[in-house]
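Try each task before you read its solution.

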Amino acid sequence: FKYGVPTDADLVADMRFIPNPFWIPELREGSGLDPEVSDFVLSQEGAREFISTYAAALEPVLAGFQRENKRHATIAVGCTGGRHRSVAAVEQLATIIRGLPGVAVNVKHRDLGRES
């Protein structure tokens with residue numbers, strides 16, 4: 001969360017429990033959109049389990065939002081710089097959530113490209 005937690009987030013998840021690809025020279029310049037970075041992130045212990053469990057936890061929440069006529073939910077996923085781990089996790093999470101009934105997903109990688 002180098003640039004802070006989004007103030008409009010309804011839910012926030014933190015991917016800093018996964019080793020940071022920034023510290024691997026051949027992955028540093030990539031992003032979670034690159035297959036080699038994504039594969040690294042998603043292959044780490046607990047990563048896929050967390051994403052699938054989080055998606056399952058979101059299912060009744062999103063259904064409840066629909067029942068309450070709340071037309072959108074902002075789900076923020078962060079890491080240290082917003083370039084590697086959170087990006088890979090969001091892409092995987094979005095793929096799962098797109099399969100839920102009545103749910104449309106728009107992904108915005110807020111901090112991707114903001115690196116100093």
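Predicted model: local features only at pLDDT ≥ 70, side-chain atom pairs only at ≥ 80, totals over all residues.

**Exercise 1. Around Ser86**

Leaving aside its neighbours within four places in sequence, which residues is Ser86 in contact with?

*Solution.* Residues are numbered from 1 along each chain as its sequence is written, and side-chain values use heavy atoms, with hydrogens and water left out.

Step 1: find Ser86 in helix α4, residues 85-97. Helices (H or I, at least four residues) and strands (E, at least two) are DSSP runs, numbered from the N terminus.

Step 2: list its contacts, where contact means heavy atoms within 4.5 Å. With neighbours within four places set aside, Ser86 touches Met15, Val77, Gly78 and Cys79.

Step 3: check the accessibility. Buried means under 20% relative accessible area, exposed over 50%, and partly exposed in between, with a 1.4 Å probe and protein chains only. Ser86 has a value of 5%, so it counts as buried.

**Exercise 2. Salt bridges**

How many salt bridges does a search of the whole structure find?

*Solution.* A salt bridge is a side-chain nitrogen of Lys or Arg within 4 Å of a carboxyl oxygen of Asp or Glu. Side chains of opposite charge can pair when their charged atoms come close.

Step 1: count them; the search gives 3.

Step 2: take Asp10 and Lys70, whose closest N and O atoms are 3.5 Å apart. This pair links distant parts of the chain, 60 residues apart: Asp10 lies in the segment before β1 (11-14), and Lys70 in the loop between α3 (47-67) and β2 (75-78). Asp10 is partly exposed at 33%, and Lys70 is partly exposed at 35%.

Step 3: move to Arg16 and Asp14, which meet with an N to O distance of 2.5 Å. Arg16 is partly exposed at 46%, as Asp14 is at 29%.

Step 4: finish with Asp111 and Arg110, whose closest N and O atoms are 2.8 Å apart. Here Asp111 counts as buried at 9%, whereas Arg110 is partly exposed at 32%.

**Exercise 3. The whole chain**

What pattern does the protein chain follow along the sequence?

*Solution.* Step 1: count the elements, which are 4 helices and 2 strands.

Step 1: read them in order to get β-α-α-α-β-α.

Step 2: compare the radius of gyration (taken over C-alpha atoms) with the globule rule, 2.2 Å times the number of residues to the power 0.38. The chain has 14 Å, close to the 13 Å that the rule gives for 116 residues, so it is as compact as a globular protein of that length.

Step 3: Among contacts with a separation of 6 or more, 69% come from residues 24 or more positions apart.
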